[in-house]
Amino acid sequence: MSGWTRMEGRAVALDQANVDTDQLIPARFMSQPRSAGYGDFLLHDARQDDPEHPLNRHAPVEVLVTRRNFGSGSSREAAVYALVDFGIRAVLAPSFGDIFASNAVNNGLLPARLPEAEIAALIDSLGSESAAAEVDLESGTARIGARELTFELDPVWQRKLVNGWDDIDLTREHGAEIDHFRAARAAAHPWAWPAS
């Protein structure tokens, strides 16, 4: 996965709260190989039922602005795959499912939390149209149309997004310290160390 610091694109509003992972990608599509891409399955049922769905009308979309509790439900990482494969790089919402947010960061997708009132005003200003969007991870800012927004981002999450890292990469950053600990532990307690 490649990291990013700043991105530009288009933003749309999904004026819906409690969008869960089963809505983001229905389970029946998860038997497809990941290499085939999951973008076509993103919000599949809602998009099939409504030709005027914002993701049908405005693709490509890089920023999704939505209501509270986005990505709730099961720990389905495929929900993040569907968003990323569709081209979405950031989701702005008042709150996210905890596991979804962690999965998002590990796959290069920014889950940016903003106050509910700011999201509501942004959704109202977007309406059913799209707007130019810029997101900057280092400054913690997003510009959607004429609106400038500020979001807080956990420093570890920021580092992971900028570097394109997941949890394993974050651990590998401490490789020298881990090797030193292993050597010291083996020397101090050789009886407990596995035979090579």
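This is a predicted model: local features need pLDDT of at least 70, side-chain atom pairs count only at pLDDT 80 or more; totals for chains, interfaces and linings use all residues.
A search of the whole structure finds 12 salt bridges. In one of them, the side chains of Arg6 and Glu134 meet at 2.9 Å, N to O. Arg6 lies in strand S1 (residues 6-14) and Glu134 in strand S5 (residues 131-136), so the pair ties together parts that are 128 residues apart in sequence. Arg6 is partly exposed, with a relative accessibility of 44%, and Glu134 is likewise partly exposed, at 32%. Arg6 and Glu134 also belong to a network of salt bridges that includes Glu8.

A salt bridge is also found between the side chains of Arg67 and Asp15 (2.6 Å, N to O). Arg67 is in the loop between strand S2 (63-66) and helix H4 (78-86), whereas Asp15 is in the loop between S1 and helix H1 (21-24), 52 residues apart. Asp15 is exposed, with a relative accessible area of 53%.

The side chains of Arg57 and Glu129 form a salt bridge at 3.7 Å, N to O. Because Arg57 lies in helix H3 and Glu129 in the loop between H6 and S5, this pair ties together parts that are 72 residues apart in sequence. Arg57 is partly exposed at 33% relative accessible area, as is Glu129 at 43%.

His53 is located in the loop between helix H2 (44-49) and helix H3 (54-57). His53 is buried, its relative accessible area being 5%. Beyond residues up to four places away in sequence, His53 touches Leu14, Leu43, Ala46 and Arg47.

Glu116 is placed in helix H6 (residues 116-126) and is partly exposed, with a relative accessible area of 44%. Leaving aside residues up to four places away in sequence, Glu116 touches Arg68 and Pro94.

How values were computed:
Residues are numbered from 1 along each chain as its sequence is written. Side-chain values use heavy atoms; hydrogens and water are left out. Helices (H or I, at least four residues) and strands (E, at least two) are DSSP runs, numbered from the N terminus. Buried means under 20% relative accessible area, exposed over 50%, partly exposed in between (1.4 Å probe, protein chains only). Contact means heavy atoms within 4.5 Å. A salt bridge is a side-chain nitrogen of Lys or Arg within 4 Å of a carboxyl oxygen of Asp or Glu.
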